[in-house]
Amino acid sequence: MQALADAQDWLLEPEYRVEGPLKVTGSARYTADVQMPGMLWLAYNRSPRAHARVVSVDVSAARMVPGVHAVLTGADTGNVRLGRRLLDWPALARDRVRIVGDRVAAVAAETRDAAEEAARLVDVVYED
Amino acid sequence: MSMASQHLLRFELNGAHHELEVRANRRLIDLLRDDLGLTGTKEGCSVGVCGACSVLIDDQLMSACLVPALFVDGSRVTTIEGLAPDESHLTPVQDAFIRHGGFQCGICTPGQIIAATALLQEHPRPTVDQVKGWMMGNLCRCTGYYKIIESILAAAEADTRPVLRQPVGIS
């Protein structure tokens, strides 16, 4: 019975989390907090359409943005798919987009602004 | 393609004076996290509804994702890194969040603590309803909020002096 009482006391007391001081002072590091020299920023061009055929994707203007290292489309990646048990979601759209926000192009650039500007400049023609 | 103009920004950040050239379209959150390396302030939603980027500007609670960096010219800015008086102490709010389980993953925690600090500056002995009303702008996906409210109420009851910080790895 004493063991049960002891266990209840122990269970009721919040544990002093070892990472507590790091989290409450903002010094715990999360993935987005990591900065490395020479790192690039990623931005996507995403479909505004829920479902459409992709007629063409023109990345020439995107590639001209200073600081851009690469612009990839489904034509570059090929049939790469994401998913858990069912790999059914193309990483970058190829013949069609199937959800608002479907990724059509990926940009890697030296700054967040350059990556986002280049992503906006990817010219996609859709057809219903 | 034209670039936003650059201007001189002079402000006080966590007690230290800073002067730097900043583009007109730079957000405060990017200045803090990317330019100044203070990654304690987190970006959750980018549109000012989640509270993860909460900072104090002249003691006012604000979302850094909505503030152009140049707006803090001549102001005092306090981030999560600037609350504790030194490396070996925590504020009562920070200590209460640890002792009362006010966080799990911790990503919303800097924003919660900044908001709670502002609350207790305004209402040193808040009611539960005052805590809930004030903290409505700070979302949390992990805790269910009960422990956050409990932590804040505990901090309100606690001594106002800084608490000695326990080294990481010892409980």
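1. A:Arg53 and A:Glu127 form a salt bridge in this predicted model, with their closest N and O atoms 3.0 Å apart. A salt bridge here is a side-chain nitrogen of Lys or Arg within 4 Å of a carboxyl oxygen of Asp or Glu. A:Arg53 sits in strand S2 (residues 52–58) of chain A and A:Glu127 in strand S8 (residues 123–127) of chain A, so the pair ties together parts that are 74 residues apart in sequence. Over all chains, the search of the whole structure finds 17 salt bridges.

2. Ground rules. This is a predicted model: local features need pLDDT of at least 70, side-chain atom pairs count only at pLDDT 80 or more, and totals for chains, interfaces and linings use all residues. Residues are numbered from 1 along each chain as its sequence is written, chains are lettered from A and ligands numbered from 1 in the order in which they are written, and side-chain values use heavy atoms, with hydrogens and water left out.

3. Fold of chain A. It has five helices and eight strands. Helices (H or I, at least four residues) and strands (E, at least two) are DSSP runs, numbered from the N terminus. Along the sequence the pattern is α-α-β-β-α-β-α-β-β-β-β-α-β.

4. Shape of chain A. Its radius of gyration is 23 Å, whereas a compact globule of 128 residues would be near 14 Å. That radius is taken over C-alpha atoms, and the globule rule is 2.2 Å times the number of residues to the power 0.38. The C-alpha trace spans about 75 × 35 × 20 Å along its principal axes.

5. The A–B interface. Contact (heavy atoms within 4.5 Å) involves 22 residues of chain A and 33 residues of chain B. The two chains bury about 2,400 Å² between them, 55% of it on carbon and sulfur atoms. Buried area is the accessible area (1.4 Å probe) that two parts lose on being put together, summed over both.

6. Charged pairs across it. The rule finds five salt bridges between chain A and chain B. One of them joins B:Glu43 to A:Arg112, with the closest N and O atoms 3.9 Å apart. On the side of chain A that touches chain B, helix H2 (20–24) and helix H5 (112–121) each supply at least two residues. H2(A) gives the largest share, five residues.

7. Confidence. The model scores ipTM 0.94 and pTM 0.87.
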